[in-house]
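Here is my note on the model, point by point. Please read it with the structure open.

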Amino acid sequence: MLPASGLSLSRRQFAGAMGAAAGAAAVTGCSSSASKDMDTLQVWGGIPAESGPQAVIDRFQEEHPGTHVTYTRYVNDDRGNLKVNTALQGGVDIDVFFTYGVPNLTMRTNSGLAADVGDLVRATPELEAFLDTEDPKALIDGDEITALATTRIPQMVLFNEDLRERAGIELPTQWTVEEYLEIIRALADDGKYGTYVLPDIARIQLGPNYRFTDSGDSNFSHPAFLEHFELAAELIRDGVLYPWSQALARQLEAYQQNNFIAQDFGLWTTAPYSLRFLTDQEEYPHDFKVACAPVPTVDGNDWNTGEYGAFIQINSKSPKQELAWEFCKFWLLESAQDVVKAGYISLLGDVGDDELLDGILGEDAEQFFDVDSFRRTLFEDQPRMHLDTELTAYTEITQKYEQQRDVCWLLERSPQKAIENVDTNAQALIDRFEED
């Protein structure tokens with residue numbers, strides 16, 4: 001059995017390696033009486049089985065006769081993640097699980113739920129990329145590695161082509177935040193909004209670990225954070241951004257595709273996994289095409305607001321960790337061709353850009369998309385990706401940030417006061433965790 005991770009809440013380092021589709025499906029198979037057959041792996045993930053995971057599983061089972069893999073899909077929202085956490089802590093038979101987003105990753109790893117696979121990674125030459133400390137893609141603490149990113153999740157800006165052409169806007173191939181603001185103001189007309197939410201201006205400018213100074217203190221006093229709050233509040237007040245009260249009430253952070261397809265706003269910053277909604281004419285009928293532009297730049301800084309993610313982890317309590325590792329390795333090296341139709345661009349695997357693009361955009365791509373704009377944005381321009389490596393109080397700071405963001409964008413607190421509260425709370429959390 002692999003050694004269990006015994007991590008405590010402290011500063012973390014990542015080294016070397018996609019929100020999943022939102023929906024209302026409940027987690028199945030969440031029972032402590034689940035089979036513990038040593039030849040049956042229990043895998044939990046956020047991608048619908050038919051969107052790639054089942055194809056990976058079928059091929060894994062073919063190469064490992066006598067082995068069976070049961071896949072349980074959970075929804076990557078607060079309720080779904082709570083069920084996963086409860087199941088893991090309650091001893092439900094789970095061998096491999098996928099984690100989406102750094103706050104969830106930090107919580108699960110710090111709770112000792114993930115096994116250490118460091119020695120196994122170092123013993124597998126094909127996984128050398130996961131040891132890269134300059135461009136990190138895995139969670140590492142000393143010699144321990146407890147999570148491996150499976151995909152890169154670049155952000156991109158989608159345009160409703162009907163609304164863009166009606167406003168007389170040229171499709172950007174490279175643009176600044178100032179130009180971006182001009183365009184969303186132009187799109188906000190005739191009962192439409194420009195967009196749902198601004199791209200993260202501070203992230204574009206500062207890149208990885210932007211919450212912390214070089215000495216490890218809170219960095220929320222940096223002007224970029226206040227600028228982001230101020231611009232968003234101003235644009236909400238002016239009717240350019242979608243009202244935050246409605247965004248919260250309709251849970252738009254999870255269901256943005258509904259309002260984009262309804263043409264409530266003409267521009268949407270999202271990731272490739274969202275494109276499957278735009279090809280599903282049965283569930284999301286629409287008659288406009290969609291084009292793609294890169295995330296805008298700030299003062300010459302061009303960090304993409306997406307990240308490496310969809311982390312694969314092994315349950316530290318699993319009695320089947322050797323078999324679980326074989327599955328993880330297979331997924332990392334062999335799943336690219338299968339999961340691409342879910343909008344996942346795998347970190348490893350011998351799949352060319354054209355094949356990835358075909359998989360992401362699906363059949364009849366020309367009917368739905370300006371294909372050349374997606375090729376240019378996602379592959380030719382090579383978005384500058386990141387992964388945070390400084391994780392002190394990450395989940396708690398995220399909660400404080402979102403609380404202050406909400407009251408600011410509900411126009412109930414000034415941006416200056418809101419960001420000062422974030423900075424104060426973040427520093428207090430950092431100080432407390434340093435004392436532990």
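1. Terms for burial. Buried means under 20% relative accessible area, exposed over 50%, and partly exposed in between, with a 1.4 Å probe and protein chains only. Gln404 has 9% relative accessibility, so Gln404 counts as buried. This is a predicted model: local features need pLDDT of at least 70, side-chain atom pairs count only at pLDDT 80 or more, and totals for chains, interfaces and linings use all residues. Residues are numbered from 1 along each chain as its sequence is written, and side-chain values use heavy atoms, with hydrogens and water left out.

2. Helices (H or I, at least four residues) and strands (E, at least two) are DSSP runs, numbered from the N terminus. Gln404 sits in helix α17, residues 394-409. Contact means heavy atoms within 4.5 Å. Neighbours within four places in sequence aside, Gln404 touches Phe229, Arg413, Ala418, Asn421 and Val422.

3. Helix α18. The buried residues of α18 include Ala418, Asn421 and Val422. Down the axis of α18, the buried residues fall within an arc of 160°, so they line one face of the helix. That arc is taken from the directions from the helix axis to the C-beta atoms. Exposed Thr424 and Glu435 are on the face turned away from the buried side. The cover over the buried residues includes α8 (223-237) and α17.

4. Length check on α18. The expected span of a helix is 1.5 Å times one less than its number of residues. For the 21 residues of α18 (415-435) this gives 30 Å, and the end C-alpha atoms are 30 Å apart, which agrees.

5. Met385. This residue lies in the loop between α16 (371-380) and α17. Met385 is buried, at 8% relative accessible area. Its contacts, leaving aside neighbours within four places in sequence, include Arg152, Ile153, Pro154 and Trp303. Pro208 is 177 residues from Met385 in sequence, yet the C-alpha atoms are 8.9 Å apart.

6. Strand β6. Of the 10 residues in β6 (144-153), 9 are buried. Two strands pair if DSSP finds at least two bridges between them. β6 runs antiparallel to β5 (138-141) over 4 bridges, and to β11 (307-314) over 5 bridges. With β12 (345-346), β6 pairs in the antiparallel sense over 2 bridges. The β5-β6 hairpin has 2 residues between its strands, and Gly142 in the turn has a positive phi of about 65°.

7. Salt bridges. The criterion is a side-chain nitrogen of Lys or Arg within 4 Å of a carboxyl oxygen of Asp or Glu. By this rule there are 17. Lys320 pairs with Asp93, closest N and O atoms 3.3 Å apart. That pair links distant parts of the chain, 227 residues apart. Lys320 is buried at 2%, and Asp93 at 5%. Asp190 meets Arg166 at 3.8 Å, N to O. Asp190 is exposed, at 58%.

8. Glu326 and Lys329 form a salt bridge at 3.6 Å. Both lie in α12, 3 residues apart, about one turn of the helix.

9. Cysteines. How many disulfides does the structure hold? With the cut-off of cysteine sulfur atoms within 2.5 Å, there are 0. Cys292 is buried at 0%, and Cys328 is buried at 2%.
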